[in-house]
Amino acid sequence: TSYDCSVSQNEAPQVFALEQNGLCDIRMDPCTTVGALGRGFRTGPGLTCLVAPATYSEGTWRLSGAAIFTKATFVNFRSVSCEIPASPVTVSGGRSETSGWQIKVSNDGTSFSEAVLFVTYDSVCQDCDQSIPGLCRIKNNTCIINGRCYGSREPRPGNKCEQCLPHKSTENWSVREGNLPPLLQTPNEVASFVGEDFVYQLKAVDPEGSQILFSLLTINDEIS
């Protein structure tokens, strides 16, 4: 006798777990694919994933939108990879709302596995308990601005003159502290021959990484 590895054509696959315990940190990964581990997966045109957005709030997972079909890639009899839409982590009313997806897998687009949860979180602002999917707490010394979380001193997207300064405000952007001037790099000496044009390329760096603009304060017929 031997183990029967055959798969019934009408039997739905089984999903036991997701890779990385079904947790994905948006700071470390795009979180747009996840491996489903189980048995009974079959390669073929009917292999698909069904994902529905879900939100964990006040101790309960709730579906927060319509389910959609996504591409499933057959890895082997016990594993498939499901594509996942982008799922930004949001925060509402000062409470962490862990975002995620309810995932099911089908071999024929009709019969589906039991649902499993794929949870996305932001490690900069959230501590998540891996033993209790969805149980995430907001970290101290962070900002929650327009429903998104930012780490201390993290610059505002598109405006490095403002940053998250929790000691000033945890809900609004603050003017950057210690905004240092650019550092101009000057050579020890420069030289040019009489009668030749003198061309010198200025170089400077900004300590905060902002864009540097040069302007000429003195302009005449000989300087441009």
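**Note on salt bridges and one buried serine**

1. Arg 153 is partly exposed, with a relative accessible area of 44%. The model is predicted. The side chain of Arg 153 meets that of Glu 177 in a salt bridge, 3.1 Å from N to O. This pair links distant parts of the chain, 24 residues apart. Arg 153 sits in the loop between strand E14 (148–151) and strand E15 (155–156). Glu 177 sits in the loop between strand E17 (174–175) and strand E18 (183–185). Glu 177 is also partly exposed, at 27% relative accessible area.

2. How many salt bridges does a search of the whole structure find? The count is seven. Side chains of opposite charge can pair when their charged atoms come close. Some of the pairs are taken up below.

3. Glu 11 and Arg 39 form a salt bridge through their side chains, at 4.0 Å from N to O. Glu 11 lies in the segment before strand E1 (14–18), and Arg 39 lies in strand E3 (residues 33–39), so the pair ties together parts that are 28 residues apart in sequence.

4. Is Arg 39 buried or exposed? Arg 39 counts as buried because its relative accessibility is 19%, and the cut-off for buried is under 20%. Glu 11, its partner in the salt bridge, counts as partly exposed at 37%.

5. Lys 139 and Asp 127 make another salt bridge, with the closest N and O atoms 3.9 Å apart. Where do the two residues lie? Lys 139 is in the loop between strand E12 (136–138) and strand E13 (142–145). Asp 127 is in strand E11 (residues 126–128). The pair therefore ties together parts that are 12 residues apart in sequence. Both partners are partly exposed: Lys 139 has a relative accessible area of 28%, and Asp 127 has 46%.

6. Salt bridges also form a network. Its linked residues are Arg 27, Asp 122 and Glu 154.

7. Now a residue of another kind. Ser 79 belongs to strand E7 (residues 79–83). Ser 79 counts as buried, at 9% relative accessibility. Which residues does Ser 79 contact, leaving aside its neighbours within four places in sequence? They are Ala 36, Leu 37, Phe 41 and Phe 74.

How values were computed: Residues are numbered from 1 along each chain as its sequence is written. This is a predicted model: local features need pLDDT of at least 70, side-chain atom pairs count only at pLDDT 80 or more; totals for chains, interfaces and linings use all residues. Side-chain values use heavy atoms; hydrogens and water are left out. Helices (H or I, at least four residues) and strands (E, at least two) are DSSP runs, numbered from the N terminus. Buried means under 20% relative accessible area, exposed over 50%, partly exposed in between (1.4 Å probe, protein chains only). Contact means heavy atoms within 4.5 Å.
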